[in-house]
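Please look at how two protein chains meet in the model below, and keep the sequence beside you while you read the report that follows.

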Amino acid sequence: MARDMSDKDILKMEIEQLQKEVKNTREPVSKTAKELCEFVEAQSAEDPLIKGVPEDKNPFKEKGGCIIT
Amino acid sequence: MYPSIHPSIHLSTLTSISSSPVIIYVHLAVQQLQTLCFLANFPLAKMAAQEVQPSETIAKLKSESEALKTKLEEERAKLHDVELHQVAEKVDPLGQFVMKTRRTLKGHGNKVLCMDWCKDKRRIVSSSQDGKVIVWDAFTTNKEHAVTMPCTWVMACAYAPSGCAVACGGLDNKCSVYPLSLDKNENLAAKKKSVAMHTNYLSACSFTNSDMQILTSSGDGTCALWDVESGQLLQSFHGHAADVLCLDLAPSETGNTFVSGGCDKKANVWDMRSGQCIQSFETHESDINSVRYYPSGDAFASGSDDATCRLYDLRADREVAIYSKESIIFGASSVDFSLSGRLLFGGYNDYTINVWDVLKGTRVSILFGHENRVSTLRVSPDGTAFCSGSWDHTLRVRE
């Protein structure tokens, strides 16, 4: 556990991890950012918190008064 | 939010607050108070002994570590050819937002620390400092179940995917599962099952895709995967240098990974099968209180005591956005995305919820209402509403 490890062991763990991470494959931000934007735009139309929910379908609508007909 | 006792971490938290001396003093006083609460769990004598070590090998290791970090940043920088908000300039801006509180759930006797939605989109489980775990029907605000835990500060709770059980834990260092009975008179505590055992407090828990496995994170610096039925440890995840405060599982389509955030200011992405840390991000200036995957699984957001939320792109392997304002000086305790990932909701220690445009990096709304820190926040499974829990003892459902 991290709390029981000495500073030396923690540093060794960090170094081992960093050596692995330097070798990771990466993609350019221009490509990934574009894909993030595309994902969001495709989904935004169906996002209830953005487009709102019509009152009659809204399960959280205000508990209104009663109407006696 | 829950500080580790390591003196150097104390110092770094202190220096990260760049505002007035008064606030630093108050923050330090609060830190000291919280530290006193945790003293029982920490042997100070052992701490003092570890500080006195031969400094040469440590210095050598430190410089090797720094050199590797610089190399990693260089590799990442090579692909940093554009900013997210620049790419997002073509995206239509969002309109005005009006979000109202639709339900206020009252019943906890003390600070609400954690909450989770059931997959049925109407039930909520919440846990509190007073040891109570309550299951609510958010549509009617009725309390359906209540359990009293044998410890205070129940910092973590989660709903099982089937909706038939809840998991919770905190200062008891365990994660326990309670099957929810349809019989209101049945004593839930009788059927309790202890699943996870850590050597320090439980900070977060989450079921995986089924009721059969639970992922936990702890103040002991590790995360762990457990089999619910047998209580067996299936995998443990070592890599954080201090308390782990939060975790989130990747959306099921993207495979077996999860992200964790801790007091060492790092956010780590893990492979659940091998136990290996795949990627690690260290750009926050203080404890990371909350992490949440982006709906596509290609990115995740984090909220931190440094008063910022950040977005990390997993394929570009770097931070791509910071959500901050000069006027926001209190830590973010919890974050979650709207269904499409366009909005990021952040609950803060200054009692507010800030709503951010994820792509453009701007704040679109600020929500008031809570009378104390917002400690937990989740968007409902179908994205129609979100719920926030606070130290003011209440939960609010808004849309």
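Across the interface of chain A and chain B, 16 residue pairs are in polar contact, both residues being at pLDDT 80 or more; a polar contact is a pair of N or O atoms within 3.5 Å, where within protein one must be able to donate a hydrogen and the other to accept it, and residues adjacent in sequence count only if both atoms are side-chain atoms. On the side of chain A that touches chain B, the elements giving two or more residues are α1 (7-22), α2 (29-44) and α3 (48-51) of chain A, and α1(A) gives the most, with 14 residues. Helices are DSSP runs (H or I, at least four residues), as are strands (E, at least two), numbered from the N terminus.

This is a predicted model, in which local features need pLDDT of at least 70 and side-chain atom pairs count only at pLDDT 80 or more, while totals for chains, interfaces and linings use all residues. Residues are numbered from 1 along each chain as its sequence is written, chains are lettered from A and ligands numbered from 1 in the order in which they are written, and side-chain values use heavy atoms, with hydrogens and water left out.

Between chain A and chain B there are four salt bridges, each a side-chain nitrogen of Lys or Arg within 4 Å of a carboxyl oxygen of Asp or Glu; one of them joins B:R315 and A:E35 (2.5 Å, N to O).

| Span of chain B | Helix | Strand | Distance between end C-alpha atoms |
|---|---|---|---|
| Residues 281-322 | 0% helix | 55% strand | 13 Å |
| Residues 367-399 | 0% helix | 48% strand | 11 Å |
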